[in-house]
Amino acid sequence: MPTDNLVHRSFFFGSTQISALKRSIPDNLRCSAFDILTACIWRCRTKALELGPDEDVRFICIVNARSKFNPPLPLGYYGNALGYPAVETTAAKLCQNPLEYAIKLVKEAKGKVTEEYMKSTADLMVIRGRPNVNTVRSLIVSDLSRARFREVDFGWGKAEFGGPASGEEVISFYIPSKNKEGKEGITVPVCLPAPLMDSFVKEINRML
């Protein structure tokens with residue numbers, strides 16, 4: 001992706017927007033708001049990039065693995081315990097299949113993080129060193145909606161906002177926030193070159 005003329009834009013997804021997205025999937029498909037929102041953003045972003053149909057595209061999510069260990073991590077351990085599972089498909093399959101195809105891939109990625117997966121990842125890093133994450137044609141998502149940043153009170157009340165100020169070229173954060181009407185939802189900062197951002201907005205609006 002060209003890194004000149006990058007623009008930042010935030011997109012708000014509340015219950016109205018999530019309901020609109022759910023109208024495009026079968027009623028019997030069980031999925032979370034994270035699943036359908038991520039599938040939507042991944043698909044719209046890939047369409048905006050105008051990749052070749054056979055080019056590989058990846059989705060990587062950052063998963064909290066603290067609850068995956070038995071026995072659990074000791075109380076008071078404040079280090080990171082994160083997994084970075086990924087799924088891969090082609091641009092054509094992602095963009096031409098119904099939205100439920102992308103949803104199933106997102107759910108597949110999330111489901112990879114088990115205790116065995118985390119121990120295997122640790123073994124791999126010991127043997128080979130910390131590998132670089134392949135970010136080419138990749139979308140990385142970090143869900144901060146349960147991080148409770150806005151609940152932190154330093155003495156003058158709870159925060160109006162807690163989270164990154166912007167997204168990056170390959171990573172988007174899901175940040176709990178309120179819109180201008182005071183409705184709760186998720187803000188997703190996105191960073192793309194200006195012409196691609198225009199295409200991304202059109203794709204998002206089309207899905208909504």
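I began with Cys95 and found that its sulfur is 8.8 Å from the closest cysteine sulfur, in Cys44, which is too far for a bond, because a disulfide is a pair of cysteine sulfur atoms within 2.5 Å. Cys95 is buried, with a relative accessible area of 18%, where buried means under 20% relative accessible area, exposed over 50% and partly exposed in between, with a 1.4 Å probe and protein chains only.

I noted that this is a predicted model, in which local features need pLDDT of at least 70, side-chain atom pairs count only at pLDDT 80 or more, and totals for chains, interfaces and linings use all residues. Residues are numbered from 1 along each chain as its sequence is written, and side-chain values use heavy atoms, with hydrogens and water left out.

I then looked up the count of disulfides by this rule, and it comes to zero. Cys44 is in no disulfide, since the nearest cysteine sulfur, that of Cys40, is 4.1 Å away; Cys44 counts as buried at 1% relative accessibility.

Next I turned to the sheet, which is open and is formed by six strands in the order 1-8-7-6-2-5, with mixed pairing. Strands here are DSSP runs of E, at least two residues long, numbered from the N terminus, and two strands pair if DSSP finds at least two bridges between them. Strand 1 (6-14) and strand 5 (86-90) are the edge strands, each pairing on one side only. Strand 6 and strand 7 pair in the parallel sense over four bridges, and Val141 stands opposite Ser172 in strand 7.

Last, I located Phe154 in the loop between strand 6 (138-143) and strand 7 (171-178), where Phe154 is exposed, with a relative accessible area of 65%.
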